[in-house]
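Let's take a walk through a protein structure together.

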Amino acid sequence: MTNAISEIRDADLLFVIGSNTTEAHPIIAMEMKRAVHRGAKLIVADPRQTWLGGWADLHLQLWPGTDVALLSAMAHVILAEGLQDQGYIDTHTENFEAVRAAVADWTPARAEAITGVPAADIAAAARLYATTPRAGIYYTLGITEHTHGTDNVFCLSNLVLLTGHLGQRSAGLNPLRGQNNVQGANDSGATPVFLPGYQRVDDPAARARYSAIWGREVPSAKGLNLNQMMHELRDGGLKAMLVIGEDILVSEPDVAGLDRAVSELDALIVVDLFMTETAKQADVVLPAAAFAEKDGTFTNSERRVQRVRQAVPPPGQARPDWQILAALLERSGVEPVRGVATSALTPAQIYEEMASGTDKFAGISHARIEREGGLQWPCPTADHKGTDFLHQGGPMRGKGLLVPVNYRPSVERPDADWPLCLSTGRTLYHYNVATQTKREQGLLDRHPGCFVEVHPDDASRYGLRDGGRAEVSTRRGAIEVDVHVSERVQLGMIWLPMHFAEARANLLTIDAGDEVTGTAEYKVCAAAIAPR
Amino acid sequence: MPDDARKLYRAEQDVVPAPGASTTLTVHIDGQPRTAVEGETLLQVARRAGCDVPTLCHDERLQPTGACRMCLVESSDSRRLVPSCRHPVADGQQVQTASARVLRHRQALLALYAADQPEQIVPGSELEVAMRRHGVAEGVPSVSSARAGRPEDANRFIQFQPDRCILCARCTRYCDEVEAVAAIAVGHRGPQTTIVTADMRGLLDTTCELCGGCVDTCPTGALVEKKAAPRQMELASLPTVRTTCGYCGVGCQMDLSVDREKGQIVRVQSPPPGTTTNDGNLCVKGRFATGYVGHPDRLTVPLLRDRTTGQLVPSTWDEALDRAHSLLVDAKARHGAHALAFISSSRATNEENYLAQKLARAAFGTNNCHQCAAT
């Protein structure tokens with residue numbers, strides 16, 4: 001997020017797109033409700049009628065996967081009506097003419113034909129966003145889980161830069177992170193592209209920095225992202241995997257082919273809390289500690305590094321991941337932290353080593369968080385107070401890059417055999433693949449199992465009744481689920497939560513990823529439905 | 001100010017003038033001149049000045065109602081005592097927060113609240129803290145009488161004990177103003193007045209999202225976490241550990257009350273409003289879904305695949321780590337570093353993610369390290 005969470009309540013306008021905030025980020029949704037109570041305008045763009053959509057001044061119920069068309073038309077209206085902040089564009093951005101050309105033909109009428117959103121609503125949303133001070137954009141996986149996810153994000157950043165809604169309190173571009181430490185895992189360098197602090201692996205100076213800290217050469221060969229790993233796994237290119245805390249056989253797209261590929265690995269080592277579907281296939285299963293059983297830090301969506309503290313001991317012989325990883329490093333002849341004996345290692349020392357190689361976190365330490373509470377990076381020195389919102393006085397990279405984007409449809413669209421568009425997502429009462437939440441009966445009382453939302457007219461068409469059972473199928477597989485007949489979804493669209501191993505939504509989803517990030521297209525594939 | 005009061009009042013001490021507010025006023029609190037901003041209440045200024053003004057119906061996230069009368073103070077602009085939580089500041093006001101008249105009112109009121117509670121007041125509740133700090137007038141006999149309630153319901157998280165309810169309506173206002181689902185309301189009349197749901201249904205059959213904010217804001221313990229209810233009287237004496245929620249990316253701070261002997265989390269509370277990013281709020285998962293932590297399904301010993309039977313069998317840590325390490329080393333030797341993949345976790349800590357990529361890069365020479373972070 002470029003803004004802090006506490007700034008949401010003071011916004012004049014919230015543009016929430018591809019985020020079912022009340023269910024996926026309930027506490028941020030409370031801040032949004034507070035802003036609306038105060039008089040802020042709310043625009044929600046989502047294919048489903050979400051709870052927040054019911055509160056919106058404008059709910060743009062677009063067809064799944066047509067975000068680029070919608071957002072290009074909004075940019076078109078802003079430029080056609082001269083609502084852009086030309087001063088900001090001239091001073092702080094580059095590539096303006098290319099974007100002006102790219103959106104020139106994207107009239108709201110053209111976008112209406114693709115998105116299904118009335119042209120007048122698109123124009124109204126564009127005007128409202130462009131002309132309201134302190135306007136913030138908030139998005140989640142509805143934007144990124146597409147083969148054109150990066151394009152979607154560029155469209156949003158174009159809107160931000162064209163209107164100058166950046167570098168101020170309550171105005172900016174705010175991805176809401178889905179897991180507790182998505183932000184921190186990337187910050188810490190657990191990505192093939194970046195070393196800690198977003199220093200590129202292909203930058204020799206960055207490699208030299210950590211090579212010096214580790215006393216081992218940082219490899220320069222390009223690494224695989226998760227989506228590419230799954231492709232390599234299917235193709236037999238991967239031989240050994242260490243998997244920490246992810247049930248890839250449930251959570252990855254198009255999981256049917258993965259079962260076989262995983263069983264053919266030379267080595268599979270799983271570190272987890274529970275005997276997951278993936279752990280059942282492993283050669284070695286290492287029992288890990290849960291969040292309340294260990295010390296360390298998580299970094300939230302607003303870049304705030306906060307402490308995780310041990311409250312209870314792990315069960316049996318379970319150990320925190322950091323101890324397990326330190327033991328494996330030691331066996332490889334690498335000191336987990338340079339100059340510290342593994343037996344005396346603490347999470348504070350690990351953080352210190354990580355921070356020593358990057359300005360972004362150099363001023364942050366466990367000791368400081370103990371004294372002052374969570375700190376938001378960038379925080380370059382021990383006396384720096386941290387940064388609540390980014391890009392003050394102009395974009396951090398110098399000039400904000402406007403990126404022209406061409407609309408590309410989703411990879412798999414409904415046809416005669418697979419007539420429905422299937423989208424997946426989260427509910428309030430469960431979390432990811434529910435390894436944790438299915439063990440809480442009070443949550444199961446509300447959502448005991450998997451269901452599919454079907455529009456009433458589709459329900460009559462396919463002979464489905466509310467509360468009955470249905471088989472949902474795609475080219476890749478089929479699952480059986482309860483039927484929820486609901487006007488929350490559009491005609492021709494069905495929606496499934498991804499939480500249930502017993503009815504794996506990801507037997508259905510398509511294994512096509514965004515070209516840049518590899519993020520899979522969980523939000524759109526073609527499906528059929530029949531009563532059971 | 002005593003420590004427990006400081007904890008309750010920290011939020012108000014942090015109050016800063018709203019952006020754009022320009023009119024600065026001077027208010028005399030207990031004889032001392034204090035700076036205030038137009039639109040502030042006497043309570044905000046008094047607490048910022050360190051005065052110990054008790055409240056029961058006040059929650060800074062909610063519109064003030066002045067219902068409980070605990071915050072009455074003397075103000076030069078009124079003949080009667082005024083509820084400071086909703087009395088606006090005015091330039092030159094003379095305010096007394098601890099005069100004999102104010103104290104007499106305060107103690108009498110507390111005695112009346114106490115008289116209508118069942119035997120023991122819940123330790124650590126705002127009511128109990130206020131009684132302990134401000135004293136209770138003598139001579140008010142217990143008039144405790146059964147209150148109207150609603151039938152016990154099937155939800156497993158939130159329990160309502162009508163006998164402890166003082167009808168301050170913090171729970172219903174929270175449900176309406178903050179969570180904005182309006183599942184509960186004050187209903188019925190006279191002595192039958194209580195906290196109701198539509199048609200007195202169980203919470204699972206209402207718009208309730210089970211966030212439990214009503215429990216956190218209740219000043220008397222009339223609302224309690226159902227699982228912790230049998231231990232309600234000892235909850236305040238349990239040690240607490242401040243940590244960060246492990247579910248979504250908001251990073252809510254939470255205080256875990258811990259039974260150290262049993263190694264159990266007894267309940268989860270939010271830190272006070274105004275002190276952390278979550279501003280006193282938690283959602284259903286953060287507050288109530290920690291049962292997995294001590295669940296019997298947890299893995300408790302390392303397991304190795306037996307090469308003859310093909311079954312996973314328990315092993316020691318040393319055996320398991322040696323095997324894990326040699327499997328990775330062998331695979332690299334046979335197929336090269338590019339045939340290895342390290343999937344770290346966006347659920348794990350920063351320190352753990354750092355060590356995971358260090359293991360991939362420094363120990364095994366590959367950048368094949370990623371995790372399930374799609375946003």
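Before counting anything, we need to know what gets counted: helices (H or I, at least four residues) and strands (E, at least two) are DSSP runs, numbered from the N terminus. With that in hand, chain A turns out to have 19 helices and 21 strands. Keep in mind that you're looking at a predicted model.

Let's start with the overall form of chain A. Its C-alpha atoms fill a box of roughly 65 × 60 × 40 Å along the principal axes. For a chain of 532 residues, a compact globule would have a radius of gyration near 24 Å, and chain A has 24 Å, so the two agree. Look at the inside and you'll find that 61% of the 532 residues in chain A are buried.

Now for the domains. Chain A is divided into domain 1, covering 5-176, and domain 2, covering 420-531. The centres of these two domains of chain A are 26 Å apart, taken over C-alpha atoms. Where they meet, domain 1 of chain A puts in 18 residues and domain 2 of chain A puts in 23. On the domain 1 side, the elements giving two or more residues are helix 1 (21-24), helix 8 (141-144) and helix 9 (149-163) of chain A. That side of domain 1 of chain A has 4 nonpolar, 11 polar and 3 charged residues.

Next, find strand 10 of chain A, residues 267-272, where 6 of its 6 residues are buried. Which residues lie on each face of strand 10 of chain A? One side has Ala267(A), Ile269(A) and Val271(A), the other has Leu268(A), Val270(A) and Asp272(A), and all of them are buried. Strand 10 of chain A pairs with strand 9 of chain A in the parallel sense over 5 bridges, and Ala240(A) stands opposite Ala267(A). Strand 10 of chain A is also joined to strand 11 of chain A (residues 284-287) by 4 bridges, again running parallel. In that pairing, Val271(A) stands opposite Leu286(A).

Strand 9 of chain A, residues 240-244, takes us across to the other chain: 4 bridges join it to strand 15 of chain B (residues 340-343), and these two run parallel. There, Val243(A) stands opposite Ile343(B). The contact between the chains takes 97 residues from chain B and 117 residues from chain A. On the chain B side, helix 9 (residues 350-363) gives the most, with 13 residues. That side of chain B has 49 nonpolar, 34 polar and 14 charged residues.

Back in chain A, there's an open sheet of 3 strands in the order 12-13-14, with antiparallel pairing. Strand 12 (296-299) and strand 14 (375-376) of chain A stand at the edges with a single partner strand each, so one side of each has no neighbour in the sheet. Strand 13 of chain A (residues 304-308) pairs with strand 14 of chain A over 2 bridges, and Arg304(A) stands opposite Gln376(A).

Finally, over to chain B, which is divided into domain 1 (3-134), domain 2 (158-288) and domain 3 (303-370). The centres of domain 1 and domain 2 of chain B are separated by 24 Å, taken over C-alpha atoms. Their contact takes 25 residues from domain 1 of chain B and 24 from domain 2 of chain B. On the domain 1 side, helix 1 of chain B gives the most, with 4 residues. That side of domain 1 of chain B divides into 12 nonpolar, 6 polar and 7 charged residues.

Methods:
Residues numbered from 1 in each chain as written. Chains lettered and ligands numbered in written order. Predicted model: local features only at pLDDT ≥ 70, side-chain atom pairs only at ≥ 80, totals over all residues. Domains from an automatic or database assignment. Contact = placed C-beta atoms within 7 Å. Nonpolar A, V, L, I, M, F, W, Y, C, P; charged D, E, K, R; others polar. Rg over C-alpha atoms; globule rule 2.2 N^0.38 Å. Buried ≥ 20, exposed ≤ 12 C-beta atoms within 10 Å, placed from the backbone. Pairing = 2+ DSSP bridges.
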